[in-house]
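Here's a quick briefing to read with the structure open beside you.

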Amino acid sequence: MNIRTAFDGGCMQPCDIEGNLIRFDFTGPRKVGEGHVFFFEVETEHPALRVRLRLDRKGARHLSAQGVVAGRDFGAYSTYPLEPSGAEFEYEAVIPVSGGVVRVANRYPYGRDALDALLCETSACPHGRWRQVRRDGRAFPMFELGDPDSPLIHYFVAGEDAWETSSIWTADAMIRALHADAALREKVLCKGCCRLVPLLSPYSATRESHSYITPQNEHLYLGAAWGDAKRPPELAAMSEMIESSIRERRLGLVFPLHAYEAAKPYSELEAIETSGARRLSPERKAWAWRVLETLAAEVPNSKAVLPEKVWYPGNARHYLLDRFNALTFRIEVTTAGVGFDYFRACGRGLLSGFAQLEDWSQVLPLDGPAS
Ligand SMILES: [Zn+2]
């Protein structure tokens, strides 16, 4: 059996190999719940590959309801269930390989290869265009659909946390759906200009990482850095675009896509009610519920929540409400008990829910400037 980490910046951990069994121990410093832990290729003569994982409690929560991901190419992955081996927090997946090469991962790999494929395969869209957003030596691609001079601009941003790949595949599916489905595209085009970012931090994708890697090669929780005094380049560029839509009073939906992976058995849609001294008025709160419920009705296996406080300060919802009194949303896309097709259904569902929304007057406060 020959193991390679050659695909798309893949990563690998120390392991024991015995016949067709690969054994990992993730009870030490390498936590399987928080990053890209293994993305590797195997070439084997065996008809099946066995992957056995020793996990801690958190790793088990992220993986046991999802399974191990494997496939021969990006965009063609399946999940193989992890069965308890008998020992505590130890699981094993059996992957049929029937000889040849197979890619194995702890989450659906999304890196530069998949991003390039998306750009190449959707570049000939007559109503949309790819723009490269550049800032301080970093860049990311953004798909813009509709007229940028529209009265409203909507933002769908995935990949603040590059290892939350199920949400990145969901954003990828949204762009492909807008490219391929004329009926859906027409409905979305009526809503204004949509800016979709599939992978905000491509430099951190598929690296063995628990976080975003700054240009200085430091690790940072990008999803919670919106309010930082010195924001990393990608986040500064993204946030300033949204802030300029706020100043022009053209902001529609702001919708970051994240993923708890399999830690919750459903995808969770959320807005927050308070941020610092700010509190949504009853009208704005009722509107937020309507948005959440409209979107959730179209997203399979999802649930809407509207907690009083943000779960982690400094994320987009918290920052935009605190600083600009702007009401924004997010989703955490689950991987529990679902396969790759779920991300397509989730992306289409988000777009068809979005296409039903009419009223954007509650995003910013009605009285006076948003400051
Ligand atoms: Zn996240």
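**The sheet and its surroundings**

Strands β11 and β12 run antiparallel and are joined by eight bridges; strands here are DSSP runs (E, at least two residues), helices are DSSP runs too (H or I, at least four residues), and both are numbered from the N terminus. Keep in mind that this is a predicted model: local features need pLDDT of at least 70, side-chain atom pairs count only at pLDDT 80 or more, and totals for chains, interfaces and linings use all residues. Residue numbers start from 1 along each chain as its sequence is written.

**Sheet layout**

- G128 has L145 as its bridge partner in β12.
- Eight strands make up an open sheet with mixed pairing, in the order β11-β12-β14-β13-β17-β22-β18-β21; two strands count as paired if DSSP finds at least two bridges between them.
- At the edges sit β11 (128–135) and β21 (302–305), each pairing on one side only.
- On average, neighbouring strands of this sheet are turned by 20° against each other, direction ignored; axes are lines fitted to C-alpha atoms, for helices over the stretch in contact, and angles run from 0 to 180 degrees between N-to-C directions.

**Strand β14**

- What does β14 pair with on its two sides in the sheet order? The order puts β12 and β13 there.
- With β12 (residues 138–145), β14 runs antiparallel over three bridges, and F143 stands opposite L196.
- With β13 (residues 153–158), the pairing is parallel over five bridges, and I153 has C193 as its bridge partner in β14.

- Helix α5 (residues 233–247) lies across β11, β12, β13, β14 and β17 (251–261), at about 120° to β11; residues are in contact if their C-beta atoms, placed from the backbone, lie within 7 Å.

**Loop residues with positive phi**

- F89 isn't a glycine, yet its phi is positive, near 55°.
- You'll find F89 in the loop between β8 (83–84) and β9 (90–96), and it counts as partly exposed because it has 19 C-beta neighbours inside 10 Å.
- N217, also not a glycine, has a positive phi of about 70°.
- N217 is in the loop between β15 (212–213) and β16 (219–220), and it counts as exposed because it has 6 C-beta neighbours inside 10 Å.

Key. A residue is buried if 20 or more other C-beta atoms lie within 10 Å of its own, exposed if 12 or fewer, and partly exposed in between; C-beta atoms are placed from the backbone. Two residues are in contact if their C-beta atoms, placed from the backbone, lie within 7 Å.
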